[in-house]
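Thanks, everyone. I have one structure to go through this morning, and I will take it element by element. Here it is on the screen.

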Amino acid sequence: MKFRLFTPGPSPVPEETLLELAKPVPYHRTPEFRQLLKEVVEDLRYVYRTKNPVVPLTSSGTGGMEAAVANCLAPGDKAICLISGRFGERWRNLCKAFRTEPIAVVVPDGQAVPPEQLAQALKQHPDARAVCCTLSETSTGVANDVAAFGPIVANTPALLLVDAISALGVIECETDEWHIDICVTGSQKALMLPPGLAFLSVSAKARERIERREAGGVFYFDLKKALAKLQEDTPYTPAHTLIRALRVSLKRIRAEGIETIWAKQSRNAAAARAGFQAMGLELFAARPSDGLTVVKVPAGIDGSALLSKLEKQYGMKLAGGQDHLKGKIIRLAHMGYLDQFDVLAALAGVELVLLEMGFPMKVGSGVAAAQQVWAQAAPARQP
């Protein structure tokens, strides 16, 4: 049985990238690696849509988020945390860990944070030093309107810190145009690499804050040191085999074109949503991200059993809900090295398991609805 990975991180890795990882491990303090790093950073800037530096860190995406908080905020500072799920909550927990005062703006599960709530929070807390938000909330499938957040924050002294870990490279993210000061992503999502690397773009506004930061409070994740070293190397031993493999995945992205990828995954997302709805399942996110589709588990169906059957009987690994949403939702990713036929396979698998579990539906309804979306988007045939 073939195993298929449909989780929103880690996501599948292209074969040519995996082959790069199979090569012998080289030494990293060499002119060759410095040139490779320079090339990778330049390609990352392309994906980020930024002219600013992009700093690689050997960590998960959470390490990148921690670096943003540790370098941009001091104990006692205020940070407005926009919380629409578990990863928005992570910003608040990081602020607490670094003795920054989090001002929480919380919306119900499945909802996006309205820009007017951010504007109101900044009006109530004009001394806020940062706004922390999530572009694609992986735990609920919600996409927040960061394009609207940016201009609101740009007119204040606050920095806009964005978790784009499950967003960058799959949905639109205009880092510079949207006035994002620190944009964090991880290697294991749309960048098509195993876990182990985080990346942060750093605006001039953020860099000025970082340069003025007093000594102490951060060591390994010191962005001042990383930025100073970036032109030639990294401050500490990097996961250089991952960086070497990332070059392969980034070349794949550049060859296809980032805007083409956004459009492709938008169609895949529309097809997934249509497929699930045709089965009779309800979407969970009011403002869905194109990086993943999240649906509610139907009444009378054991969500954990559904996912277990999918994996054991058909080799399909989808994600379930986290914390209080466990057993209540299922999450299907369409990012990175996943295409329309992967989405069709996942929908077919869910259909088969739901039918086995006694859920009333017409066989093939979800697959047909998804195919209809792609058929309508396909270019007309020439006579």
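Buried here means under 20% relative accessible area, exposed means over 50%, and partly exposed is in between, with a 1.4 Å probe and protein chains only. Before I go on, this is a predicted model, in which local features need pLDDT of at least 70 and side-chain atom pairs count only at pLDDT 80 or more, while totals for chains, interfaces and linings use all residues. Residues are numbered from 1 along each chain as its sequence is written, and side-chain values use heavy atoms, with hydrogens and water left out.

Back to S14, which covers residues 329-333; five of its five residues are buried. Strands are DSSP runs of E with at least two residues, helices are runs of H or I with at least four, and both are numbered from the N terminus. In a regular strand the side chains alternate between the two faces of the sheet.

Which strands pair with S14? One is S11, residues 292-296, which is antiparallel to S14 over five bridges; pairing requires at least two bridges found by DSSP. In that pair, Thr 293 stands opposite Leu 332. The other is S13, residues 319-320, also antiparallel and joined to S14 by two bridges. There, Gly 320 stands opposite Ile 330.

Next, helix H3, residues 61-72. Its end C-alpha atoms are 17 Å apart, which agrees with the 16 Å that its twelve residues should span at 1.5 Å a residue; the expected span is 1.5 Å times one less than the number of residues. Ten of the twelve residues in H3 are buried, among them Gly 61, Met 65, Val 69 and Cys 72.

On a 1 Å grid over the protein atoms alone, a pocket is an open set of points with protein on both sides within 12 Å along at least five of seven lines, a cavity is a set where a 1.4 Å probe fits but cannot get out, and lining residues have an atom within 4 Å of a point. Grid points are joined across faces, edges and corners, and a volume is the space filled by probe spheres set on the points.

The largest pocket has a volume of about 380 Å³. It is lined by 18 residues, and the closest to its centre are Ala 70, Leu 73, Ala 74, Pro 75 and Arg 213. H3 gives the most to this lining, with three residues.

The second largest pocket holds about 290 Å³. Of its 19 lining residues, Pro 8, Gly 9, Phe 87, Thr 138 and Lys 189 lie nearest the centre. H3 and helix H4, residues 86-97, are the elements that give two or more residues to this lining.

How many cavities of 30 Å³ or more are there? The count is three. The largest cavity has about 150 Å³ of space, and Pro 56, Leu 57, Thr 58, Thr 234 and Pro 235 are the closest to its centre among 14 lining residues. Strand S2, residues 54-58, supplies the largest share of that lining, three residues.

Last, Thr 100, in the loop between H4 and strand S4. Thr 100 counts as buried because its relative accessibility is 3%. Leaving aside neighbours within four places in sequence, Thr 100 has contacts, meaning heavy atoms within 4.5 Å, with residues including Leu 73, Ala 74 and Cys 95.
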